[in-house]
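Have a look at the model first, then read on.

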Amino acid sequence: MHLPVLLEESLEYLKVEPGKTYLDATAGGGGHLSVIAKGAGESSTVIGLDRDVHVIDQLKIRQGLGDLSSNIRLFHSNFSDIKGVLEENGIGTISGGILADLGVSSMQIDNAERGFSFQQDGPLDMRMDTTSSLSAHTIVNEFSEKEIADIIFNYGEDRHARAIAKAILRNRPIDSTAQLASIVTKSLGRFQGKNSKYNKNPATRTFQAIRMAVNEELLSLEKFLEEATSCLEPGARLVVITFHSLEDRMVKQFFRTKSLQCICPPRHPVCTCNTRRALQILTKKPIVASSQEIDFNSRARSAKLRAAEKLDDSNQLDHP
Ligand SMILES: C[S@@+](CC[C@H](N)C(=O)[O-])C[C@H]1O[C@@H](n2cnc3c(N)ncnc32)[C@H](O)[C@@H]1O
C-alpha cells in the first residue's frame with residue numbers, strides 16, 4: 001500500500017478539470033492517478049507511465065477488476081521518453097497537466113526481493129526497470145573504489161564516501177542488502193559521535209546514492225523536464241514532487257531558466273539570445289506537507305512540490 005503524498009496540493013496545482021488530457025509520469029500505486037482520473041471524468045484522456053513493468057501489470061489487473069477507471073491508458077516507459085510514448089500512441093500534446101512524483105513507491109521498498117531496502121535482507125538489485133542490465137550488484141562488486149566513492153559523494157552527499165568505498169572494496173564480494181548495510185554502518189562507526197550528522201540509519205545515504213546511479217535518476221529527470229515542457233499546451237501545468245535536495249535543485253533551476261525572457265550574460269549590451277519564456281512559476285517556494293500529513297505518512301516529511309504553467313506567445317515580454 002502506497003500513500004500518495006501532497007495529494008490535494010497536486011490536484012490543486014494540476015487544476016484538474018473535465019475534458020482535458022492529463023499524464024501521471026510515475027503511476028506507482030495509482031494513488032494520484034486514480035484521483036486525477038476521477039476528477040477529470042470520462043470525457044478526459046488520462047495516461048499513466050511507470051518504468052517498472054510490475055507496477056504497470058498490477059495497475060492493469062486493477063483496471064480489469066474495475067478498481068481503476070477504464071479511461072486511463074497505461075504504458076511501461078521511462079518518463080525521459082514521454083514524447084516518444086505520446087507520439088507512438090497518437091496522443092499528441094497534453095492540454096491539462098503532467099505530474100511526476102519521484103523516487104520509489106512503498107511497494108517497491110517493502111518487497112525485499114527488489115533490493116531497495118537496508119531494513120530487510122534481499123539481493124543487491126535496486127533496478128526500477130527490471131529489464132535494464134545495470135544493478136546495484138554490478139556497481140558494488142565491479143566498479144572501482146573511486147567510481148563508488150564518487151557515486152556516494154555526488155548522489156548521497158556523504159562526506160565519508162571514501163571511507164565507505166574503501167570498506168566496500170575490502171569486503172567484496174557483497175551479495176545482499178543486509179551485508180552492504182552492515183559494511184557501511186561499520187565503516188562509519190568512528191564518525192558516529194554525539195554531534196554526528198547521521199540522525200538516520202548511516203546506510204541511508206549510500207543506498208540512496210547507489211539507487212540513483214543504478215536508475216540514472218538525475219539524467220532521466222533532466223530529460224523529462226525538457227520533454228514534458230515541450231509536450232504541454234499553453235495553460236497546461238507541470239507539477240513535480242521531489243524527495244531530496246539534488247532533485248529539488250534541478251527542478252527549481254529548470255523552472256527558473258524556462259521562466260526567463262533573456263539568458264544573455266549580465267553585461268551583454270543588447271539581447272542576442274532571443275529566448276522565449278516557456279513557463280510561469282506557480283510556486284515561488286516549494287509546497288511542503290502539513291504536520292498532519294507527516295504524522296500520518298512519514299514519507300511526506302521530505303516531499304517538496306513545485307509547479308509551473310506553460311506560456312503561449314502572448315505571454316512574451318519585450319527583449320531587453
Ligand atoms: C513515489 S512512486 C509514485 C507513487 C504514486 N504517485 C502513487 O500515488 O501511488 C514513484 C514511481 O515512479 C516510478 N518511476 C521512478 N522513476 C521513473 C522514471 N524515470 N520513469 C517512469 N517511472 C519512474 C517508480 O517505478 C515508482 O513506481
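The C-alpha centres of domain 1 and domain 2 are 30 Å apart. Domain 1 covers 7–107 + 217–315 and domain 2 covers 130–214, with bounds taken from an automatic or database domain assignment. Bear in mind that this is a predicted model, where local features need pLDDT of at least 70, side-chain atom pairs count only at pLDDT 80 or more, and totals for chains, interfaces and linings use all residues. Residues are numbered from 1 along each chain as its sequence is written, and side-chain values use heavy atoms, leaving out hydrogens and water.

**Contact and buried area**
- On the domain 1 side, 11 residues touch eight residues of domain 2, contact meaning heavy atoms within 4.5 Å.
- The two domains bury about 800 Å² between them, 50% of it on carbon and sulfur atoms; buried area is the accessible area (1.4 Å probe) that two parts lose on being put together, summed over both.
- Glu217, His244 and Leu246 lose the most area in domain 1, together 52% of what that side buries.

**Salt bridges**
- Two salt bridges turn up across the interface (a side-chain nitrogen of Lys or Arg within 4 Å of a carboxyl oxygen of Asp or Glu).
- Arg211 forms a salt bridge with Glu217, with the closest N and O atoms 2.8 Å apart.

**Who supplies the domain 1 side**
- Helices H3 (53–64), H11 (217–231) and H12 (245–258) each give two or more residues; helices here are DSSP runs (H or I, at least four residues), numbered from the N terminus.
- H12 gives the most, with three residues.
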